[in-house]
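Visitor: I am new to this structure. Please show it to me, and I will ask about a few parts.

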Amino acid sequence: MARNDKSIPYKTYLDENEIPRQWYNVRADMKNKPAPLISPADGHALTLEEMNPIFCEELNKQELDNDTRFFDIPESVVDFYKMYRPSPLVRAYFLEKVLGTPAKIYYKFEGNNTSGSHKLNSAIAQAYYAKAQGLKGVTTETGAGQWGTALSMACAYYDLDCKVYMVKVSYEQKPFRREVMRTYGANVTPSPSNTTQVGKKILAEHPGTTGSLGCAISEAVEAAVTTPGYRYVLGSVLNQVLLHQSIIGLETKAAFEKLGVKPDILIGCAGGGSNLGGFASPFIGEILRGENNYEIIGVEPASCPSFTRGKFAYDFCDTGMICPLAKMYTLGSQFIPSANHAGGLRFHGISPILAQLYADKVFSVRAVEQTSVFEAAEMFARSEGILPAPESSHAIRVAIDEALKCKETGEEKVIAFNLTGTGYFDLVAYEQYNNGTMTDTIPTDEDIARGLALLPKVGNE
Ligand SMILES: *Cc1c(COP(=O)(O)O)cnc(C)c1O
């Protein structure tokens with residue numbers, strides 16, 4: 001099949017290495033489009049010209065494009081993908097046996113690259129477009145460290161400077177992640193720092209703070225717009241990131257087609273929404289076009305329940321309240337979740353695409369507690385051998401729950417989940433679980449109300 005043959009619009013194009021040659025943009029099939037990013041000053045939808053000083057130009061075009069169904073993946077990005085893609089779709093025979101379930105469980109394993117997570121799929125694309133634009137470097141934030149690691153790897157490949165603002169608590173508690181990033185050549189600053197105006201302000205107002213993702217975003221954006229030749233890049237939430245991550249779902253769909261198997265349930269954990277969106281969107285496209293039916297389930301931590309207890313409203317993506325507003329399910333930009341070990345799921349908001357699809361009831365979401373998540377992680381590690389990331393283990397939890405339901409009903413459902421990464425840098429969390437000292441903290445209704453009371457008026461009136 002010709003690589004860029006677009007005559008069959010809904011087919012996945014695989015090359016001889018079985019790597020898709022195009023990303024899929026689910027927005028093209030959405031009747032209700034996701035709400036645009038708007039200005040916090042007066043609520044107008046941001047234009048390409050306004051976005052270009054902050055983000056890379058080609059990525060902004062992808063961000064604003066609600067109509068193009070497929071985007072060609074640049075040749076050089078495909079070459080990079082070949083190092084670790086296609087990622088395996090694995091039948092979890094041993095887990096099925098341990099559970100004694102008639103269900104068939106499959107997982108798509110995105111942890112088979114050195115950065116250890118699916119985030120590399122978008123990092124390499126974003127670095128490519130930054131380089132193609134002739135930029136000198138990019139800035140970003142990282143919480144748990146997976147995104148920063150992925151971006152550092154991608155920037156090393158394209159010889160770009162990479163400035164990472166790392167949430168201070170992670171910088172101190174996860175020195176190994178920090179050193180991986182520095183080995184790939186990134187410059188890593190603990191956030192909040194006194195290298196930016198917003199960082200200085202946060203430090204003055206909250207001396208001794210250990211930082212938050214939202215605060216690191218504010219610093220990274222400021223550094224990008226004040227340093228010539230730099231732009232800001234983001235590892236989740238944005239439309240463009242879901243677009244790049246669609247490679248996960250396209251490969252999954254192609255593999256299932258090859259096996260002659262149709263999945264009944266698709267499960268992904270939800271932080272900012274990029275892996276869930278990327279894994280599920282080709283299947284969601286089929287639902288939206290009325291071609292097929294699947295049950296799609298997002299899984300979030302009970303300690304940071306954006307979908308299940310948040311509000312569908314415009315909100316800041318950052319604590320510093322300097323970024324554009326996005327319409328999403330949010331707990332409020334000032335909401336600080338309790339110390340939860342799934343760092344990648346601690347964001348107060350969610351992708352606007354997923355927010356709209358959730359509002360339209362295309363998929364459902366469950367909130368799970370962290371001790372039950374680690375119980376699932378342990379069961380998975382002991383049966384399938386892979387040490388899963390705490391984030392990924394949220395999806396494992398619900399896959400196991402669904403498989404146990406099948407055990408009761410005798411149904412032979414096909415359950416597929418996205419195993420987003422490995423947990424080698426999360427061993428302090430495993431240690432707590434193994435020692436029996438891990439706890440579950442769920443925000444009270446008052447905590448939630450306090451976060452929602454601070455939503456901006458702009459966009460919500
Ligand atoms: C970042 C991360 C997540 C959550 O991010 P999404 O954008 O919601 O996918 C999940 N798993 C791993 C391993 C991560 O690094």
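Guide: Strands S9 (residues 265–269) and S10 (residues 295–301) pair in the parallel sense over five bridges; two strands pair if DSSP finds at least two bridges between them. Helices (H or I, at least four residues) and strands (E, at least two) are DSSP runs, numbered from the N terminus. This is a predicted model, where local features need pLDDT of at least 70, side-chain atom pairs count only at pLDDT 80 or more, and totals for chains, interfaces and linings use all residues. Residues are numbered from 1 along each chain as its sequence is written, and side-chain values use heavy atoms, without hydrogens and water.

Visitor: In S10, which residue is the bridge partner of Gly268?

Guide: S9 and S10 run parallel, joined by five bridges. In S10, the partner of Gly268 is Gly298.

Visitor: Are the faces of S9 covered or open?

Guide: In a regular strand, side chains alternate between the two faces of the sheet. On one side Ile265, Ile267 and Cys269 are buried, and on the other Leu266 and Gly268 are too. Buried means under 20% relative accessible area, exposed over 50%, partly exposed in between (1.4 Å probe, protein chains only). Both faces of S9 are covered.

Visitor: How many residues apart in sequence are the parts that Glu402 and Arg366 tie together?

Guide: Glu402 forms a salt bridge with Arg366, the closest N and O atoms being 2.8 Å apart; such a bridge is a side-chain nitrogen of Lys or Arg within 4 Å of a carboxyl oxygen of Asp or Glu. Glu402 lies in helix H16 (residues 390–409) and Arg366 in strand S13 (residues 364–368), so the parts tied together are separated in sequence by 36 residues.
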